[in-house]
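Biologist: Could you take me through one chain of this model up close, starting with how its parts are laid out?

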Amino acid sequence: MRVLAAMSGGVDSAVAAARAVEQGHDVIGVHLALSRMPGTLRTGSRGCCTIEDSMDAQRAANKLGIPFYVWDFSERFKLDVVDDFVAEYQAGRTPNPCMRCNERIKFAALLERGLSLGFEAICTGHYASILEDGEGNLELHRSLEMAKDQSYVLGVLNANQLAHSMFPLGATASKDLIRQEAAARGLSVANKPDSYDICFIPEGDTRQWLKEFVPTDSGKIVDSQGNQLGEHDGHVGFTIGQRKGLKIGTPAADGKPRYVLEIRPKTKEIVVGPEEALEISDLFGARYTWCGKAPENPEEAFDCDVQVRAHGDTVSAVAAIVDGQMHVQLNEPLYGVPAGQTAVIYVGTRVLGQMTIDEARSKVSTGA
Amino acid sequence: MSVFLDHASTTSLRPCAKEALSDALDFLGNPSSVHSQGRATRELLEESRDKVAKACGANRSEIIFNSGGTEGNNHAIKGIFWDRVTKDPDCKVIISSRTEHHAVMDPVQWLGENQNAEVVYAEHSPNGMIDLDSLRSLVSKHQQRVALISLMWVNNETGVISDIPAITEIASEFDIPVHSDAVAAFGHVPIDFQASGLTAMTLSGHKVGAPIGVGALVVARSAKPISLVHGGGQERSLRSGTMNYPLAASFAAAAKEAVTELDHEMARLGALKDQLEAAVMEAVPSAIITAQGANRAAYNAHFVFPGTQSDAMLFLLDQKGVCVSAGSACQAGVLGPSHVLLGMGFSHLEASACVRVTLGKTSTLQDVQQFLTALEQVHPVALQATPA
């Protein structure tokens, strides 16, 4: 099979490409240039997007003896990921740019280009597995190593995308094994640190970074009764559940810490309140997709697990499609779930689908 | 077997250059030393200077050996600017063009952004030639305030040959020094530094079959560009550092042979290029030969394939074993739109759809045919792979 290995310059994608080569595929390495003005050297804990990372990817490809190219997706990335990220924050939501990148860039723009250039699959270093259900349908499953499981960020893939994806690391029991394998293969990235920051925010400070794009627009910090407790210099960058950086002088009457409960872009108000008000019982989203084969009767409530962050926060739930939107009723509460985040629906280890959360409903009134 | 049609990026090492380098490596001695072995390597260096001077129509004292084209361009532009502005703080206008190589554009822009230079650009005719009327009006406007003019001899992407004597003639009215990046010209078109009226001219070794890492800045005896590196005062005190006689010897051998063969190669490669261009236009009638109608170097064919993207074309051609290039790649290896084509007035889409095919000493009709076969196969795929 002709395979396009997306190589970020990190150890995972390098080993994934190596395994694809070993499986006998005709592999070509591609590094995606996602920034117009890439930094020269890697900084902080970002794992791609600098020239150093691109060179690391090239060294790995050379070691594997496969052709290597840098493809420019910076324009698409700017439109589909960065602009979306800013707009979501402006609307008072908390976006997940890695998810958008998988949805719009890696498994869309790159895949389309790959297919039109004669490739059959995209290979990445994600920790997730693609399995067959016995009837020829492909399913996405959690990785064997739960600690590294990245099936969450792949929840946006549809059946067609799954059919053209390869995740050779999915059945590996630990990241240490990947590093050992990389070292044994002579890959210079064997000990490269993991990345976990947003790739286009160099210093890892989202709020500071957003200030360059969004005019500072001060407003009030209020409690759920509307009493003013303080001021902020712009609602953009606050996130639901945030406790630090509120700079409220006076303590709450009960002395307990206060959290961001709601962001109201129209009135520029940030509503804060006690932790229990963050308790979420229901999630709603009109933008949902099925990962692989769709359930036959999605209008009928079904048991599932739901995960709302890349790592952790999985709870059991009952989901159904009601009036064109997905409704997930949580069996146990989640705390501080911002609109804009993705809820991925699991049945056992299988990823069934996902939705972008439009509303996270609390049983405790915020006075909204 | 891959076919190399990217000779403008770098070209095959000439056997004579390899031999000269190898022979020189057997010597021991710093050319600045006073003893016999130092004198021997100094002699090698000076013989090399003679050969390079002869090859480009310069006086031997005008050849300043250095590391190559980028250094030469930086030295000429910054050095002449600093020299001029030191003598007259108001003399700070630099006239250049938007189609120069980055090794010229970037130092010019750097001077503008960091050293108070006023940078102005001469316009182009649609075929890529410098519009001499535009240059004339810039010179008339700024007169003695012009610190220097820097305009390339042959464009490295389109192959357009500038009318250097006409440019220096315009500059002479106000005694403005003119520098020319002749990296893509030397060994490919006839060059006579002394007849050109230039003050400085940049040469690079690896474009004429010497190894990478050697070149020369040709500096008229009347000029003294301020040095970028200070030290032992070698090379007329313009370029300090122990003189690299082995690479100089290799460069000289390559330069001499390239110029000796120039007439023959211009005719041979020109005929090949004509065949190539005709065949491309037949295979892809929508293709555009950039700079058509301009005086162009014989070894350079430059196309726009509307509806494609350069990086897809290059990828597909590479997969077929054909090595060609497009606009200049950035540090990360991303192909941007060609700034040369943008400078000539092409659209962003057109400037992102170019392919450059450059011939060299080893190029044959078979190479050209291999390119054409590959082009016919990949062009429809590239069209399809480009989002509408």
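Modeller: Domain 1 of chain B runs over 15-260 and domain 2 over 262-385, with bounds that come from an automatic or database domain assignment. Keep in mind that this is a predicted model, where local features need pLDDT of at least 70, side-chain atom pairs count only at pLDDT 80 or more, and totals for chains, interfaces and linings use all residues. Residues are numbered from 1 along each chain as its sequence is written, while chains are lettered from A and ligands numbered from 1 in the order in which they are written.

Between the domains, 23 residues of domain 1 of chain B are in contact with 22 residues of domain 2 of chain B (C-beta atoms, placed from the backbone, within 7 Å). The domain 1 side of that contact has nine nonpolar, 12 polar and two charged residues; here Ala, Val, Leu, Ile, Met, Phe, Trp, Tyr, Cys and Pro count as nonpolar, Asp, Glu, Lys and Arg as charged, and the others, Gly among them, as polar.

Then there's the other chain: 13 residues of chain B are in contact with 13 residues of chain A. Helix 10 (310-319) and helix 13 (365-385) of chain B each give two or more residues to that side, and helix 10 of chain B has the largest share, five residues. Helices are DSSP runs of H or I, at least four residues, numbered from the N terminus. By class, the side of chain B that touches chain A has eight nonpolar, three polar and two charged residues.

Note on methods: Two residues are in contact if their C-beta atoms, placed from the backbone, lie within 7 Å.
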